[in-house]
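Thanks, everyone. Let me put the structure up, and then we'll go through some side-chain contacts.

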Amino acid sequence: MKVRNIFYVFFIGCVIFLTAFVLSNNKTYSYGILKQIKTINNAKIIEYIDTDTGSSISFNDAKKYFGVSTYEELYENGNIIYFKEGKEINHQEFIKGKSSEQADELASLYGKNAYRVHTTAEFLHAFDDIYQNLKIGEFHIAFSKYEAIDFDQVATYYQNTYGVKSYYQNYYNYQTKGMWEPNRFGINLNNAINNGELVLTTTNIRLSGNERVVVEDFVNKLLPYIQGNGSDYEKILATYTYIIKTTSYIVDNGFTNDLLASNTSVYDALISRKTTCIGYSIAFSYIMDKLGIESYIVDQITEADEATGSFASVHTYNVVKLNNQFYKIDLTGNIFLGGLSNTELYDNNLNISTTKYNGTMNINIDFAIIDNILNSSKNIKTTTTRKAEATTTTKTYSYSIPNGKISTTTKKANSNNSTADIKTSIVTTKDSEGNIVTMPVEIDNNGEIITKESGEYQEVTNVPNDKDNKKKKTFNYNFILFPLLFIGIITLILLKLKDKGIIGNKKNK
């Protein structure tokens, strides 16, 4: 056989192989599918028919190219037949499976801001992952109510760990209060169970993860310089003295604004050295924890209304344990180990002292060395992101004992210098590069978003979902096949013409 003929055979074989490959992979199913119920060996199945070719296709292809659900229900002679992956199942299995499938789809829709949980332990882990890692934004915990989830345990765990037992409870340790403002009014699991998701917004987180890195580095190096002679009294005195000597009080712009602006964190008190009374008390309790001394952060609550979800506090300070009694520490009010009134705390579980502790106020602190330590910690490379700038607020509170029912209203100035009730919300926006992000913002009673002057928010009302499309097309191999066939045919024609001497290889006469 001539070499040229071998080439012809090889070329034609390649074309046949490519054609077979394209036809087996290029399943675009352009026009849709039909579904019909068939009975095989007394078992009902769904037959999926490609309307383009009229041939049956598998469930997997029907799901891949047309997005059919794993769980479907079809009518036959007036009866509903339930299917999983095209095979008949009972109604109970269908209900459970369909609910689980919807939870999967919901989690897929929200991407990295979603948690797909199947058990109680996974639900609790989602809370911990969000709060312990200080994630700020809007998060969606998706689940099926038919899965192994104890919703009473979920609600109790969340409220005990990241909230309070009663919305009038007014003292907390740092682990409950320090990194986030506890949720006083719990979570609405009734609506969540019906919707198959719990939407959790974390505007109450006051400290970013990167800020925590800086704080931990600084305070761990600070501790040897604020222990005095090592007694609990001198540790308390040194901490009190250090904070009031190095931290400046800033104007209180209202609880919500200061929280959003991150004016209330241990970072603000110890690193930026500018904060409100909340930041002072949180920083003190944080250091007490590090030194092994029991202490609490105390809110003077003026408003706590579960019906409206409103809460306000007029002042924040500390109580600290010394010689088995608790004394008052108020860094903004210059009260050191003062006595406490029996009505100041939510309950009587602490052994409070009603009289002041008498002790020397002399303590030596090397501020110069500490300043060098602080500058070193500030230079840790992080990508710290601060929260939104605070808007101007005005407020008037009348203080009563914690169990009182005095309700006050906070009014805040909007851009027109008029007053309006403010609520905090999470808005889905696009950043400068077009990425979809979430941002804690404040919205007035007219529905207008309050931002700093340079702030611009574009609300995103729809998020594309591939599953909304009838099919998901893959690469169309026809773009390879037809050019190859065309080139092959032209090449064969030219070779034949050359063999016959019609073109090329003409001898010179």
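I'll take the aromatic pairs, then the surroundings of one tyrosine and one glutamate. Keep in mind that this is a predicted model.

Start with the rings. Searching the whole structure gives 23 aromatic pairs. Take Tyr-71 and Phe-94. Their ring centres are 6.5 Å apart and their planes meet at 70°, so this pair is edge-to-face. Now look at where they sit. Tyr-71 belongs to strand β4, residues 71-76, and Phe-94 to helix α3, residues 91-110, so the pair ties together parts 23 residues apart in sequence. Buried or exposed, Tyr-71 and Phe-94? Both are buried.

Phe-94 has another partner, Tyr-82. Here the centres are 4.7 Å apart, with the planes at 40°, so we call this pair tilted. Tyr-82 is in strand β5, residues 79-84, and Phe-94 is in helix α3, so this contact ties together parts 12 residues apart in sequence. Tyr-82 is buried, like Phe-94.

Next, a cluster. Ring pairs link Phe-123, Phe-127, Tyr-131, Phe-143, Phe-151, Tyr-158, Tyr-162 and Trp-180.

Now over to Tyr-317. What lies over its face? Lys-328 does, 4.4 Å from the ring centre. The side chain of Tyr-317 also makes a polar contact, at 2.5 Å, with the side chain of Glu-344.

So, on to Glu-344. This residue is in the loop between β16 (335-338) and α13 (367-378). Its relative accessible area is 12%, so Glu-344 counts as buried. A polar atom of its side chain also lies 2.9 Å from the backbone nitrogen of Ser-341.

That's my set. Over to you.

Key:
Residues numbered from 1 in each chain as written. Predicted model: local features only at pLDDT ≥ 70, side-chain atom pairs only at ≥ 80, totals over all residues. Heavy atoms only, no water. Phe/Tyr/Trp six-rings, centres within 6.5 Å; stacked < 30°, edge-to-face > 60°. Helix = DSSP H or I, 4+ residues; strand = E, 2+ residues; numbered from the N terminus. Buried < 20%, exposed > 50% of the residue type's maximum accessible area, 1.4 Å probe, protein only. Lys NZ or Arg CZ within 6 Å of the ring centre and 35° of its normal. Polar contact = N/O pair within 3.5 Å; in protein donor to acceptor, adjacent residues only side chain to side chain.
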